[in-house]
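Please have the model open while reading.

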Amino acid sequence: MTTDDALPHATPTHDAPAHDMPAHDPAEHQTPATRRTSKALVRRAVFLDRDGTVIVDRHYLRDPRDVALVPHAANAVRRFNYALMPVLMVTNQSGIARGFLSEADYRTVRARIDDLLEESAAFIDDHYHCPHHPDITGPCECRKPGIALFEQAIVEHQVDAGASFFIGDRLRDLLPAKAYGAQGILVPSPETTAEDVERALAEGFRLASSLAEAAAIVLDIPHTPEP
Ligand SMILES: [Mg+2]
Ligand SMILES: [Zn+2]
């Protein structure tokens, strides 16, 4: 079953109990952030994970010289840019809590990512990160699959959350989509476990072999794999 099957195309019959209503009903997926956005102005957005999705996962990346874009990822980001969809990067950076890198290191790496994308005429509209780790800094609302950073991004960028896409290489990147009745696309990396793939499919998320294929799904265009 694909996520599309859960979209509200079917007309409920009179004898359908309330809990059989479509999962995508926006009224059912109100959050503090969606209540604060103007319904007239909202835009569909793409929420992108960072490590293993846009850049190669180097684990607690600290040195900007170690930043490498995933092949063809910049082309996918540029396609979202051309479609005028805000590209919002949301990343767990527990290396900060663990003392492996500082906030300044994180910002330097972020700037390097922006520079590399710019070389391909692509850009991230905004970056959000969680610097915590529950074992060290205690529980927080911003570490994915928590939705605090998404809530912030939705308000700051006037996002139509329910019509947006959540893309990453881990299940936790996609689970926040559930809070909004939105769609998620898992793009497996070498770090992705078979369990994450299985659970993502069980949750009704899509699977794509590359960020370019995910972009084709989002933009509803044919996907031609890059050589
Ligand atoms: Mg990742
Ligand atoms: Zn956090």
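Two strands pair if DSSP finds at least two bridges between them. The model discussed here is predicted.

**Strand pairing**

Strand β4 (residues 165-168) pairs with β5 in the parallel sense, over four bridges. Strand β5 spans residues 183-186. Strand β6 (residues 206-207) also runs parallel to β5, and two bridges join them.

| Strand pair | Sense | Bridges | Example of bridge partners |
|---|---|---|---|
| β4 and β5 | parallel | four | Gly-168 and Leu-186 |
| β5 and β6 | parallel | two | Ile-185 and Arg-206 |

From β5, the chain passes through helix α9 (residues 194-202) to reach β6. This β-α-β crossover is right-handed.

Gln-183 and Ile-185 point one way from β5. Gly-184 and Leu-186 point the other way. All four of these residues are buried.

**Leu-211**

Which helix holds Leu-211? Leu-211 is found in α10, which covers residues 211-219. A residue is buried if 20 or more other C-beta atoms lie within 10 Å of its own. Leu-211 has 28 C-beta neighbours inside 10 Å, so Leu-211 counts as buried.

Beyond residues up to four places away in sequence, Leu-211 touches Thr-53, Val-70, His-72, Ala-73, Ala-76 and Val-187. Ala-74 lies 137 residues from Leu-211 in sequence. In space, the C-alpha atoms of Leu-211 and Ala-74 are 9.0 Å apart.

Terms used:
Residues are numbered from 1 along each chain as its sequence is written. Chains are lettered from A and ligands numbered from 1 in the order in which they are written. This is a predicted model: local features need pLDDT of at least 70, side-chain atom pairs count only at pLDDT 80 or more; totals for chains, interfaces and linings use all residues. A residue is buried if 20 or more other C-beta atoms lie within 10 Å of its own, exposed if 12 or fewer, and partly exposed in between; C-beta atoms are placed from the backbone. Two residues are in contact if their C-beta atoms, placed from the backbone, lie within 7 Å. A crossover is right-handed if, with the strands pointing away from the viewer, the path from the first strand over the helix to the second runs clockwise.
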